Amino acid sequence: MTAMAVPSTQGPFDELLVWTIERPAARIGGDLVVALASSLRRAVLSRVPDPIPAQVSGHGAPGRQHVSFLALPDVAHDYADGHVLGLALAIPRDLPEPDVNVLLKALFLEPPLTRIGISGGRVLAVRYGADKAGLRPARWSASSRNGRREWVTTTPMMLDGHTRRGRDEADEVARALVIAGYPRPVDVEVSGTAMVTGGIWRPRPSTVPPGRPRRRLVHARVRFGDPVIGPVLAGSMRYLGLGLFSPLTSARAARVVRDSAQVPAGVK
């Protein structure tokens, strides 16, 4: 007898556009995810004509999701070290078609996006498309498996509210996911350190944009009642590289880091 398929819940993002980083001189550490996401945002916004749609710029559009600018780390396999494999844009499902067209023209019409300015006046060469398994959109959305119930953070989540250490953090993670447009998870496990191989412990402090509220950063493993199709992004800096989750397959679940003592407890 064939088992009935479990219905999946669509997340708030419709598509993940991915660029591979072209052979950098040295691997780019995962602590630069926010810096790279910020550089990608600047590069994209510089190409979009005025008036820039509010969901693309991130200014305005209350109640709607914004385009998310991401750096995708190498995670969830035996030799994962968290270096950045590529960059991506997560496109909201509710982005109006005219705004989608404006964005796509800015990215792909001549000249297409192939260079991104980064710190120190350097330029990062990128190529649209995913030539590594870790960059494939289906790997981050779990869409090829009709979604997943279990997800784990690969970059730390910045909580939306203020909590004391060890108090109400699981509720804050669940609340952040609901705010971000996902179902409330039925189970949440919170850690001060990465919970999957290659997971990014913290972004480099100097890379967080000035003026951003500094709230607690946590890692989390969550389980939804029904499978969710990603990408899954949550927390107050989900549009700029933090709070990026990875779906857990049975194989990846075996590689989840369960010993949260790998970083001294007093380190923040």
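W19 is buried in this predicted model. Its relative accessibility is 1%, and the cut-off for buried is under 20%. Y128 counts as partly exposed, at 42%. F108 also counts as partly exposed, at 32%.

**Aromatic pairs**

The structure holds three aromatic pairs. W19 and Y128 form one of them, and this pair is edge-to-face. W19 lies in strand 2 (residues 13-21) and Y128 in strand 6, so the pair ties together parts that are 109 residues apart in sequence. F108 and Y128 form another edge-to-face pair. Here F108 belongs to helix 3 (residues 97-108) and Y128 to strand 6, so parts 20 residues apart in sequence are tied together. A pair of aromatic rings is described by the distance of the centres and the angle of the planes. The table gives both values for these two pairs.

| Pair | Centre to centre | Angle between planes |
|---|---|---|
| W19 and Y128 | 5.3 Å | 70° |
| F108 and Y128 | 4.8 Å | 70° |

Which residues do ring pairs link into a cluster? They are W19, F108 and Y128.

**Surface patch**

Y128 lies in strand 6, which spans residues 123-128. Together with L104 and F108, Y128 makes a nonpolar surface patch of about 250 Å². Patch residues need over 30% relative accessible area. Y128 has 42% and F108 has 32%.

**A charge over a ring**

R139 and W140 make a contact of another kind. The charged end of R139 sits over the ring of W140. Its distance from the ring centre is 4.1 Å.

Methods. Residues numbered from 1 in each chain as written. Predicted model: local features only at pLDDT ≥ 70, side-chain atom pairs only at ≥ 80, totals over all residues. Heavy atoms only, no water. Patch = residues over 30% accessible without salt bridge, like charges linked within 9 Å, V, L, I, M, F, W, Y side chains within 5 Å. Areas by Shrake-Rupley, 256 points an atom, 1.4 Å probe, with all protein chains shown as cover. Salt bridge = Lys/Arg side-chain N within 4 Å of Asp/Glu carboxyl O. Helix = DSSP H or I, 4+ residues; strand = E, 2+ residues; numbered from the N terminus. Buried < 20%, exposed > 50% of the residue type's maximum accessible area, 1.4 Å probe, protein only. Phe/Tyr/Trp six-rings, centres within 6.5 Å; stacked < 30°, edge-to-face > 60°. Lys NZ or Arg CZ within 6 Å of the ring centre and 35° of its normal.
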